[in-house]
Amino acid sequence: MPSEIPRRPSFFWQGFLILLPVAVLAVVGLVSLRQEERVADIDARRRAAQSAESLARAVRSFVNDELRRFFALQNDWMNGLHPAEIEIWERDYPGLKLADFAASPGEITADGRQISPPEYPVVPVPPPWFQELSPAQRFQWDAMRSATNLAEMKKRQQTFFAGNPPEDARLAARCLTNSPVQILNDTRPLDSESGISFQTVACYRLLSAKNARLSEPLLDALWRQTIENPSFVAPKLLDLAEGLTADAAFRQKVLRMRMNWDARLRAQEYLAAIRRSPDLHPWKEQEWSRWVGNGEMLAMLEPERFPNTSQGYKVRFVPAAVAKGTFAKALEDAKFLIPEYAAAAVTVDGMPLIPGGDEKDLLGNASTTVTIGNLPFDVRIFLTSRERMLSTERRRVKLFAGLILGAVFAALAGFVAAQRAFRRQLQLYEMKSNFVSSVSHELRAPIASVRLMAENLAGGKIPESRRQSEYFRFIVQECRRLSALIENVLDFSRIEQGRKDYEFEPTNLVALTQTTVKLMEPYAEEKGIKLQLAPVSENIEWNVDGRAIQQTLVNFIDNAVKHSPQGECVIVEIGASPMALRLSVSDHGPGIPEAEHEKIFERFYRRGSELRRETQGVGIGLSVVKHIVEAHGGRIVVKSQLGKGSKFTIELPARSQHE
């Protein structure tokens with residue numbers, strides 16, 4: 001039964017087992033990293049929601065303090081004070097001026113009546129005392145009014161008093177004969193028959209006189225008639241006063257009265273909107289707020305019981321610009337609570353005060369109220385940059401993805417290296433098989449020849465002395481070739497095991513070369529090759545291992561003789577310079593392709609097919625030679641062309657590393 005041909009080893013399962021775990025880990029790792037990014041997104045949104053709660057609490061505390069500060073400063077300003085704290089507040093809120101936004105606090109009842117600031121009719125209405133006069137009393141009043149001089153007026157005044165008019169009518173009659181200064185100083189506020197108070201008329205007469213001048217008493221009277229007891233004449237009084245402001249201090253006081261008047265007008269406008277609101281009914285026993293004036297002003301209402309037991313509210317106003325600046329400053333002070341990838345928005349009592357982003361990018365929302373005015377507001381945190389939100393996680397993902405890809409590339413590199421090593425092992429296995437076959441062939445042929453000749457000589461079958469000498473010479477030659485082959489094999493084994501040692505000593509290389517050439521001449525003559533040593537003019541002494549260099553020459557000469565056709569010449573040359581020693585062997589054989597100049601020094605490598613090879617050898621000679629030359633710190637230079645022969649040159653440096 002024919003023997004079964006062994007199967008050629010396959011690398012498939014080894015490669016599969018190398019790549020499969022890495023591929024599985026890479027896929028699982030990349031899927032996990034993708035999932036980690038989703039988890040990081042959810043975690044970032046959760047942290048943003050928590051930040052919104054903390055931010056709302058921080059904003060509430062800050063806004064409470066700032067609103068108290070604003071109301072206190074506004075109250076001081078309305079009372080004619082201008083403390084340094086107002087300037088500090090205006091520096092804290094650049095672009096805002098308290099005077100531009102101030103609105104007088106107000107008081108209204110739950111049924112919509114305005115208590116403060118006091119209302120005044122646009123069209124004057126006669127006061128009650130005048131309407132209560134009898135026809136006779138009214139006739140006497142008109143007569144008193146029509147008097148052409150003060151004496152006549154006083155006389156008719158007595159007639160009017162005799163008619164027993166009401167007390168306010170008697171006081172009004174006295175105002176007709178008093179001077180404006182007396183009216184402002186000595187008379188309680190009282191409306192004239194036209195509905196305009198006598199004090200307002202007196203103030204107007206003083207301000208419109210030809211020689212009118214401002215004074216402290218007149219400014220006090222002006223304050224009372226414009227701020228405390230206003231009427232439709234108040235703007236005219238302020239206009240007259242502004243025309244008399246030669247003194248800087250007085251001018252400043254009149255300017256403050258004008259701003260105060262404007263603040264009260266603003267309050268009147270906003271209070272009118274609140275009084276029409278259905279939210280006033282029923283009366284609420286807690287603070288509440290609402291926007292008025294198309295969102296220009298925030299009204300904060302505090303429940304109040306007035307002296308006449310009527311229920312109502314005290315109203316304080318916060319301009320939208322002030323509210324926006326306050327909340328913006330609160331966010332700025334608490335920006336450490338806002339993630340770097342987000343922005344905060346604020347909605348106060350349903351009005352977006354600080355705008356935010358798209359609702360689909362909402363990360364967190366928190367609602368709370370400011371203690372003052374029970375003011376509700378929302379703080380929302382919107383995503384501004386998804387890249388920044390996930391930057392840390394993505395850096396980690398990139399790092400681990402890089403590690404995974406690095407592992408994949410390392411596995412691929414290992415796979416390629418293992419595959420190459422596998423193929424190399426197959427090649428080495430094949431080379432070793434060829435080596436064993438070659439060694440067996442190289443040993444069997446000369447041993448058989450030597451044994452046959454020795455048996456013939458021992459059996460007396462070769463009686464002629466000449467033939468006996470040839471036999472002896474052939475036996476010696478074959479033994480020498482066997483010795484060289486065995487020496488190469490032993491040296492190769494020592495080199496493979498790292499046990500090859502060299503003994504460096506000064507050596508006459510010319511004499512060594514000559515001896516080697518003479519040693520190889522019989523072998524060359526047998527092959528029909530002429531072995532020639534180029535002339536050398538001087539001795540060359542070099543620090544080398546003489547035996548190893550001789551082995552190198554023997555290998556080169558042996559290869560040159562084997563590959564040279566009969567009748568050709570192999571030339572051995574030696575030369576030296578101060579820098580290097582050159583020892584070369586040239587032949588006229590078939591040459592070596594340039595692509596194989598490096599391969600011929602590999603172990604077990606032999607050109608051509610083992611089945612068609614005609615030259616002897618086992619493929620380790622040049623490998624041993626390369627190791628010897630490198631151990632001497634030198635190199636081998638190969639010059640060869642197909643059909644033109646080859647030249648092998650050993651170059652040894654002037655100072656060997658082993659010296």
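Buried residues are taken here as those with under 20% relative accessible area, exposed ones as those over 50%, and partly exposed ones as those in between (1.4 Å probe, protein chains only). The model is predicted, so to speak of its limits: local features need pLDDT of at least 70, side-chain atom pairs count only at pLDDT 80 or more, and totals for chains, interfaces and linings use all residues. Residues are numbered from 1 along each chain as its sequence is written, and side-chain values use heavy atoms, with hydrogens and water left out.The protein chain has 19 helices and 16 strands, where helices (H or I, at least four residues) and strands (E, at least two) are DSSP runs numbered from the N terminus. Of its 659 residues, 43% count as buried. The chain exposes about 36500 Å², and carbon and sulfur atoms supply 54% of that; accessible areas come from the Shrake-Rupley method with a 1.4 Å probe, and for residues only the protein chains shown count as cover.

On the inside, the nonpolar cores come next. A nonpolar core is a set of buried Ala, Val, Leu, Ile, Met, Phe, Trp, Tyr and Cys residues joined through side-chain atoms within 4.5 Å. The largest one has 52 residues, and L55, W77, F327 and V348 have the most contacts inside it. Helix α1 gives the most to this core, with 14 residues. Once neighbours within four places in sequence are set aside, L55 is in contact with L331, A334, L337, I338, A344, V379 and I381. Another core lies apart from it, with 35 residues, including L509, V510, Y523 and I549.

Helix α1 (residues 12-78) also holds V28. V28 is partly exposed, at 48% relative accessible area. Together with L20 and V24, V28 forms a nonpolar patch on the surface, with about 230 Å² of accessible area in total. Patches are built from residues with over 30% relative accessible area and no salt bridge, joining like charges within 9 Å and nonpolar side chains (Val, Leu, Ile, Met, Phe, Trp, Tyr) within 5 Å.

Salt bridges number 19 in the structure, each being a side-chain nitrogen of Lys or Arg within 4 Å of a carboxyl oxygen of Asp or Glu. One of them joins the side chains of E66 and R69, at 3.2 Å from N to O. These two sit three residues apart in helix α1, which means they are separated by about one helical turn. E66 is buried, with 11% relative accessible area, while R69 is partly exposed at 24%. R69 also pairs with D92, their closest N and O atoms being 2.7 Å apart. This pair links distant parts of the chain, with D92 in helix α2 (residues 84-92) and R69 in helix α1, 23 residues apart. D92 is partly exposed, at 30% relative accessible area.

R258 and D239 form a salt bridge too, with their closest N and O atoms 2.4 Å apart. Because R258 lies in helix α12 and D239 in helix α11 (residues 234-242), the pair ties together parts that are 19 residues apart in sequence. R258 is buried at 16% relative accessible area, and D239 is partly exposed at 41%.

As for cysteines, a search of the whole structure finds zero disulfides, a disulfide being a pair of cysteine sulfur atoms within 2.5 Å. C203 is buried, at 0% relative accessibility, whereas C479 is partly exposed at 38%.

Most residues other than glycine have a negative phi, and most peptide bonds are trans. The bond from S116 to P117 is cis, with omega near -5 degrees, and P117 lies in the loop between β2 (114-116) and α4 (128-131). The bond from H281 to P282 is cis as well, with omega near -10 degrees; P282 is in the loop between α12 (248-275) and β3 (288-292). N164, not a glycine, has a positive phi of about 55 degrees and sits in the loop between α6 (150-162) and α7 (167-177). N164 is exposed, at 61% relative accessibility. N294 has a positive phi near 55 degrees, lies in the loop between β3 and β4 (297-305), and is exposed at 83%.

Finally, R473 is found in helix α16 (residues 465-497) and is exposed at 52% relative accessibility. R473 and P522 are 49 residues apart in sequence, with their C-alpha atoms 9.5 Å apart in space.

Note on methods:
Contact = heavy atoms within 4.5 Å.
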